[in-house]
Amino acid sequence: MSRIVFLNGSFLPSEEAKIPIMDRGFLFADGIYEGVGVLNGRLVDNEAHLERLERSMREIRIDNPYSRAEWTKLEEELVHRNGMNEGFLYLQITRGVAERDFFFPQNVAPTIVMFTQTKSIADAPAARNGIAVITVPDQRWERRDIKSVSLLAQVLAKQAAKEAGAQEAWMVEDGFVTEGGSSSAFIVTKAGNIVVRPLSNAILPGITRQSLLRLSKQDGIVLEERRFTVEEAYDAAEAFLTSASNFVVPIVSIDGRAIGNGKPGPITQKLRQLYLQMASEPAIAAE
């Protein structure tokens with residue numbers, strides 16, 4: 001069965017979905033995106049993802065064509081039409097189609113695309129075994145808090161990780177870790193405290209990050225929202241990342257150096273279970 005996608009108000013087979021070459025997302029990366037995890041047919045943390053979507057649209061001045069209820073209905077319909085139980089839903093909005101010109105075009109409707117990707121999240125091998133990370137210079141623009149479709153720096157960072165035999169890249173600025181190529185970065189101190197960089201224009205406000213911080217506080221885990229260096233990460237008891245497409249994943253090495261005992265740590269494993277428990281109920285039936 002062909003994958004069904006959503007394009008500008010219609011659900012259709014992916015091979016029939018076409019976007020004009022004059023779309024500003026293609027010409028200028030003039031657009032934003034959002035990604036939502038799906039577990040047991042349920043959109044995980046969707047309200048928070050839609051809130052961030054609205055913020056990104058406001059920041060680059062694209063009018064929002066739908067209410068949150070309308071967005072949710074479209075997302076759920078897409079999950080249902082693809083019969084997806086577990087995976088990832090991607091949503092992208094560009095300024096629309098117009099003659100190539102740097103100025104904002106007038107009276108142009110935004111281009112809206114959504115598609116799903118089936119993948120194992122709850123029992124992914126990376127979550128059981130942990131992953132390797134390398135560090136790279138952060139070469140991105142200064143508004144990283146906007147979930148922009150301009151991802152060339154992240155593409156290059158993650159390709160460098162792949163070529164080094166790693167699964168993610170942590171980007172570094174002025175000696176401090178900002179975030180991963182497609183994830184939020186955490187370490188656990190030898191005292192058992194979680195350390196994560198505070199929100200600012202330097203990083204994306206991760207939704208999984210937000211929920212995990214709430215869950216950790218409820219469980220009594222001490223949280224330190226502050227910057228941390230690469231050297232501190234090397235010396236950490238544990239390290240992990242969060243993202244909508246992976247939830248919580250342990251990191252067992254950074255730049256070839258084992259973190260802790262080189263295995264997923266107990267605090268990371270506990271946090272992953274807390275998040276999975278939160279994400280598992282209730283569920284949307286995906287028939």
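How are α2 and α3 oriented to each other? α2 and α3 are oblique to each other. The cut-offs are under 35 degrees for roughly parallel, over 145 for roughly antiparallel, 65 to 115 for roughly perpendicular, and oblique for the rest.

This is a predicted model, in which local features need pLDDT of at least 70, side-chain atom pairs count only at pLDDT 80 or more, and totals for chains, interfaces and linings use all residues. Residues are numbered from 1 along each chain as its sequence is written, and side-chain values use heavy atoms, without hydrogens and water.

**Helix pairs**

Two packed helices are described by the angle between their axes and the distance between the axes. Axes are lines fitted to C-alpha atoms, for helices over the stretch in contact; angles run from 0 to 180 degrees between N-to-C directions. Helices (H or I, at least four residues) and strands (E, at least two) are DSSP runs, numbered from the N terminus.

| Pair | Residues | Angle | Axis distance |
|---|---|---|---|
| α2 and α3 | 46-60 and 68-81 | roughly 120 degrees | within 11 Å |
| α6 and α8 | 207-218 and 266-279 | about 105 degrees | 10 Å |

α6 is therefore roughly perpendicular to α8. In this pair, T208, S211, L212, R214, L215 and S216 of α6 meet L271, L274, Y275 and M278 of α8. Contact means heavy atoms within 4.5 Å. By class, the contact of α6 with α8 has six nonpolar residues, three polar and one charged. Here Ala, Val, Leu, Ile, Met, Phe, Trp, Tyr, Cys and Pro count as nonpolar, Asp, Glu, Lys and Arg as charged, and the others, Gly among them, as polar.

α2 and α3 come together through N46, E47, L50, E51, L53 and E54 of α2 and R68, W71, T72 and E75 of α3. This contact of α2 with α3 holds five charged, three nonpolar and two polar residues.

**The sheet**

Six strands form an open sheet in the order β2-β1-β6-β5-β3-β4, with antiparallel pairing. Two strands pair if DSSP finds at least two bridges between them. The edges are β2 (10-13) and β4 (42-43), each pairing on one side only. β1 (residues 4-7) joins β2 over four antiparallel bridges. F6 has F11 of β2 as its bridge partner. α2 lies across β3 (31-39), β4 and β5 (86-94), and runs at about 175 degrees to β3.

**Aromatic pairs**

The whole structure has eight aromatic pairs. Rings of Phe, Tyr and Trp (its six-membered ring) pair if their centres lie within 6.5 Å; planes under 30 degrees apart are stacked, over 60 edge-to-face, and the rest tilted. One of the pairs is Y33 with Y90: the centres are 5.5 Å apart and the planes at 20 degrees, so the pair is stacked. Y33 lies in β3 and Y90 in β5, so the pair ties together parts 57 residues apart in sequence.
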